[in-house]
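Please keep the sequence and the model in view while reading.

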Amino acid sequence: MYKKGVAALSLQKQYTLGELYSLADQCSHDYPATLARKIELLTEVQILLGRKAAEAVRDYKKKYAERKRVYAEAYIAAKNLREQRAELAVIELRIQEADAEADKVRWSNAVESNDQVINSLKYSLKVLLAEFGNNASANR
């Protein structure tokens, strides 16, 4: 089941991803109401994941711009072997840029994965509602 005091998530408290996942895990798949609540919670997760993905893209772009700037400055300052000296000046930035790009991809994948889970749960809810509807008709 789920805790009833968790209504209106956005208005009451800012939940962490971990807290939202924990609340979603508490929701049973056996009843339409609790399954719908799980979908709501994972939709809140989707919002946070989307923000993290956007932040990761921004961080990656900033690191890319910094690398290009440092490269250009080193290139201009070098008297000879300009390209080699400029490349040496940005080695650490390239590593940081690669890490930022990996984070960007990781958060983007998390958004896509969570979206697939939500769609799967929506389908399960649809089936569950149909079963409850058939059982209600049969009991009449």
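Accessible areas come from the Shrake-Rupley method with a 1.4 Å probe. On this basis the protein exposes about 9400 Å², and carbon and sulfur atoms supply 54% of that area. The model under discussion is a predicted one. Of its 140 residues, 29% count as buried.

The secondary structure comprises five helices and zero strands. Read from the N terminus, the order of elements is therefore simply stated as α-α-α-α-α. Among contacts with a sequence separation of 6 or more, 67% are accounted for by residues 24 or more positions apart.

Consider next how H2 and H3 are arranged. Helix H2 spans residues 17-25 and helix H3 spans residues 32-77. Their axes come within 9 Å and cross at roughly 160°. Angles over 145 degrees count as roughly antiparallel, and H2 and H3 are therefore roughly antiparallel to each other. The crossing of these two helices is left-handed. On the H2 side the contact is made by Leu17, Leu20, Tyr21, Leu23, Ala24 and Asp25; on the H3 side the residues are Lys38, Leu41, Leu42, Glu44, Val45, Leu48 and Leu49.

The loop between H2 and H3 contains glutamine 26. Is this residue buried, partly exposed or exposed? Glutamine 26 has a relative accessibility of 30% and so counts as partly exposed. Its C-alpha atom is separated by 10.0 Å from that of arginine 37, a residue 11 positions away along the chain.

The axes of H3 and H4 come within 8 Å and cross at roughly 140°. That angle makes H3 oblique to H4. The crossing of H3 and H4 is right-handed. From H3, the residues Val70, Tyr71, Ala74, Tyr75 and Ile76 take part, and they meet Arg82, Glu83, Arg85, Ala86, Glu87 and Ala89 of H4. The residues of this contact divide into seven nonpolar and four charged, again with no polar ones.

The last stop is helix H5, which runs over residues 91-138 and includes lysine 126. With a relative accessibility of 61%, lysine 126 counts as exposed. How far apart in space are lysine 126 and alanine 36, C-alpha to C-alpha? The two residues are 90 positions apart in sequence, and their C-alpha atoms are 10.0 Å apart.

Definitions and conventions: Residues numbered from 1 in each chain as written. Predicted model: local features only at pLDDT ≥ 70, side-chain atom pairs only at ≥ 80, totals over all residues. Heavy atoms only, no water. Axes fitted to C-alpha atoms, helices over the stretch in contact; angles between N-to-C directions. Helix = DSSP H or I, 4+ residues; strand = E, 2+ residues; numbered from the N terminus. Parallel < 35°, antiparallel > 145°, perpendicular 65-115°, else oblique. Left-handed = near helix turned anticlockwise from the far one by under 90°. Contact = heavy atoms within 4.5 Å. Buried < 20%, exposed > 50% of the residue type's maximum accessible area, 1.4 Å probe, protein only. Nonpolar A, V, L, I, M, F, W, Y, C, P; charged D, E, K, R; others polar.
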